[in-house]
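Student: I should like to be guided through this structure by way of questions and answers.

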Amino acid sequence: MTAHDIVIVGGGPAGMAAAVAAYDSGVTDVVILDREDSVGGILRQCIHNGFGLHKLGRELTGPEYADVYRKEVEKRGIKIYCETMVTAVSTDRVVTARNRQGIMKIQAGAVVLAMGCRERSRGALNISGTRPAGVYSAGTAQKLINCEGYMVGKKVVILGSGDIGLIMARRMSFEGAKVEAVCEIMPYSGGLTRNIVQCLEDYGIPLYLSTTVAEIHGQKRVEGVTIAEVDENRRVKEETKRYIPCDTLLLSCGLIPENELTRSAGIPIDPITSGALVDENRETATPGIFACGNVLQVHDLVDYVSDEAEIAGIGAANFVKNGAVTGETVATKPGNGVRYVLPQRVHTDKGNDVALFMRVTQPFGKVRFTVKSGDEVLATAVRLKAAPGEMEKIVVKSEKLALASEPITVSLEVL
Amino acid sequence: MYDVLIVGAGVIGGMLARQLSRYDLKICMLEKENDVAMGATKANSGIVHGGYDPEPGTLKAKLNAEGVQKLYDVADEIHAPYRKNGSFVCAFGTPEEEATVRELYERGLENGIKGLEILTGDEARALEPALSDKVSLVLNVTNAGIVCPYELTVAAIGNAMDNGAELKVNFAVDQIEKTAEGFKVTAKSGEVVSGKYLVNCAGAYSDRVAQMVGDNFFTIIPRAGEYMLLDKNEGSRVSHTIFQVPSVEGKGILVSPTVDGNLLTGPTAAKVESPSCTETTPEGLEIVARLAAKSVPSVNFRQVITSFSGVRSSEKGGDFIICPAKSVENMVHVAAIDSPGLTSCVAIADYAIEQLQAMGLALVQKANWCPTRENPHAFREMSDEEKDAYIKEHPAYGKIVCRCETVSEGEIRDAIRRNPPAHDIDGVKRRTRSGMGRCQGGFCMPYVMKLLSEENGQPMETITKNGEGSAQLTGKL
């Protein structure tokens, strides 16, 4: 067994930003373990632009954004183990990993979980019909096209209007495929507005809301799909069924944080975010184990992943230097119109401002968010519109936070 | 000229080849698909049935009773994963259902089944806490178990091939001609093979094969059964296989752990037009969820990772058909093998061999027959220390390709090389579990394709999901 101050599980944008932040907080013995053959995570296949506007003040492609962080990591001499997959993390912070050299066990001072997320599969969506070739999750198709250089289909239907689905609609069109339709089971898109405009509208690709793929046809390769409108309970309206011939179905129906390691370490998970329950330092309920990025909550922008990872990296460094953060925490809770609030608990007496992140339950026009503890209003924020696809952030000032003795609730009212 | 030609490389054809491979015979399996275990074998409940169910006096009753222990013994020899987890047959409070439980118990005794007992609902719940409160009486079948049907078949065929048997995939039998020496069998592709004896193990297509020699005395009725498979998070919801007594609402929707640690629910039973009707339906999946919840209300169907449908080969007589062909000599039909066919597969193979012997097939034991097959899962069963040492010798085992099921490059390369070799993505999946987990191949599929391409010297664009017509890629950029 070897030992390192901080072990980071995952070398995507979250893991790299956490590593840099931890190092810059004074803990230099940091290692990154990544299962792929190079760092960068899913950014490596996101060759479109739109990354970095918030965080770096310029617009980059995914690989370029990853490269910015890779250089920062390398500049600091932070050791990266690629093709190294962590198979277990214990509550006493022993990390077990496997690579071509063998099995390594590392006693970590602190652990940062940054494994990212995966796409919901066809099976999890329970679409009935046959099981032919040509059904891909959008990210798998993206990898085959952008990283391997192969085309996956010629006539395409996309289910789900999440950002990856929208980006892939445009990407497939670029490469000569005909995207027949993007179907979204919800009455609104979960993707960013800019992607709907730039990836669908600019290419004349129809977006059908409240519409799903009811059946897949074709024995060996997809021959077509039956799409249909759904009612408010998301049940198919039989009379609206129609057949679209196609050879490919791409699925972009949500991302699931990959928390298998977290679960097997016995770390409690929030059923709404499907990520660990954390405090404002992104420390899980297990002391010294932190989480950040898409393994904690699915983000819409990588810029916010980097922000969150810096918090976790600094938290991990402080844990190594000073031990566990002591003191009472207050829970946060979603109120009216809010689906979840992260972090799920905060220390109120540390003299720091704390940013709360949340998603709303449905699209709204102009709203006011109110952060309250009992009758005490801790913060308010007005937004011209709010949508589930766009994460909201509200900062609670330290002096207000000190007043919170009861659970902190974030709710919204429509203005 | 082969001594024995076997049409169909499912669990029956495969097990027959394995049992025959101990004799000094030239054997060839003819399989129309790109891989073995592609029909009913790859999509069924994977249950080793205790033997209480078949009508006493039938072939099913006899071969099920003999078959359970035979299956466990062969599975041990060829390293096919199984588990003796026992099964429950549950009544839900009505006098009729409770009477059925007692009837099945009596029938089991008559069939010579040991280890049967009747439990009250509370006794059953003490063993299986997730069982519904409504369960009032249970037949506990202690000799029952679970087995992975396609791994069993791969192992049996692998063992047969290691002992000299041959396998031709993509050989769709089109014509059978009786010759003086035996049979001349022509594939749709035009390929021809000849053999002295012929065994029809063509599953749902066995009536069509029978017709090729002029036998029309049975007709297969394809019945589809839909299933939902749940994440390993749900895998320990129950430890026994939970059946319901047959009722008007449905027949035999079960809730069962699988040998790989998932939870399986299903099947429905619907007559279908043809054996290729393996699509799932919203209605079918709805029935599975509803009836599974009747036995085990806490099953979390949000954890479904895949659903599938398999076609079983029934026949109106209700029993297995294992008999000499009527229109030609030296041919045996092994047909209508629906439940408990998997359980009985070794007994069925042995019974078919008796018939071949009665026709004059000489069975001379091979001197060098090897009854065992290398354990394909030896690596995953090692401790961390053993794995470490193994990886240092064989680095490819240190590279994990399938993160959900922790499958290494080394294990995938082995599956592509070892008998019977995997030729496609699904073939790798069934042998290694790569792509079988919660992401359903989302991450590992491109890697698996590369390994297939590399090992078989095949361009990426020609790699298929499951044989001709199922290429994953449509071209290079």
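Tutor: Let us begin with a definition: two residues are in contact if their C-beta atoms, placed from the backbone, lie within 7 Å. Helices (H or I, at least four residues) and strands (E, at least two) are DSSP runs, numbered from the N terminus. This is a predicted model, in which local features need pLDDT of at least 70 and side-chain atom pairs count only at pLDDT 80 or more, while totals for chains, interfaces and linings use all residues. Residues are numbered from 1 along each chain as its sequence is written, and chains are lettered from A and ligands numbered from 1 in the order in which they are written.

Student: Against which elements do the buried residues of α5(A) pack?

Tutor: A residue is buried if 20 or more other C-beta atoms lie within 10 Å of its own, exposed if 12 or fewer, and partly exposed in between. By that rule 9 of the 12 residues of α5(A) are buried, among them I164(A), L166(A) and M172(A). The elements of chain A that they pack against are α4 (138-148), β13 (155-159), β14 (178-183), α6 (193-200) and β19 (248-251).

Student: How far apart are the end C-alpha atoms of helix α5 of chain A?

Tutor: The expected span of a helix is 1.5 Å times one less than its number of residues. For the 12 residues of α5 (residues 163-174) of chain A this rule gives 16 Å, and the distance between the end C-alpha atoms agrees with it, being 17 Å.

Student: Is V213(A) buried or exposed?

Tutor: V213(A) belongs to strand β16 (residues 211-217) of chain A. Leaving aside neighbours within four places in sequence, its contacts include I127(A), V157(A) and L249(A). Because V213(A) has 27 C-beta neighbours inside 10 Å, it counts as buried.

Student: At roughly what angle do the axes of α1 and α2 of chain A cross?

Tutor: Axes are lines fitted to C-alpha atoms, for helices over the stretch in contact, and angles run from 0 to 180 degrees between N-to-C directions. The axes of α1 (residues 13-24) and α2 (residues 62-75) of chain A come within 9 Å, and they cross at roughly 35°.

Student: How many residues of the contact of α1(A) with α2(A) are charged?

Tutor: Ala, Val, Leu, Ile, Met, Phe, Trp, Tyr, Cys and Pro count as nonpolar, Asp, Glu, Lys and Arg as charged, and the others, Gly among them, as polar. The contact includes M16(A) and V20(A) of α1(A), with Y69(A) and R70(A) among the residues of α2(A). It holds 9 nonpolar residues and no polar ones, and its charged residues number 2.

Student: What is the radius of gyration of chain A?

Tutor: Chain A has 9 helices and 29 strands. The radius of gyration is taken over C-alpha atoms, and the globule rule is 2.2 Å times the number of residues to the power 0.38. For 415 residues the rule gives 22 Å, and chain A is as compact as a globular protein of that length because its radius of gyration is close to this, at 22 Å.

Student: Which element gives the most residues to the side of chain A that touches chain B?

Tutor: The contact takes 41 residues from chain A and 42 residues from chain B. Elements giving two or more residues to the side of chain A include β8 (102-113) and β7 (94-99). With 6 residues, the element that gives the most is α4(A).
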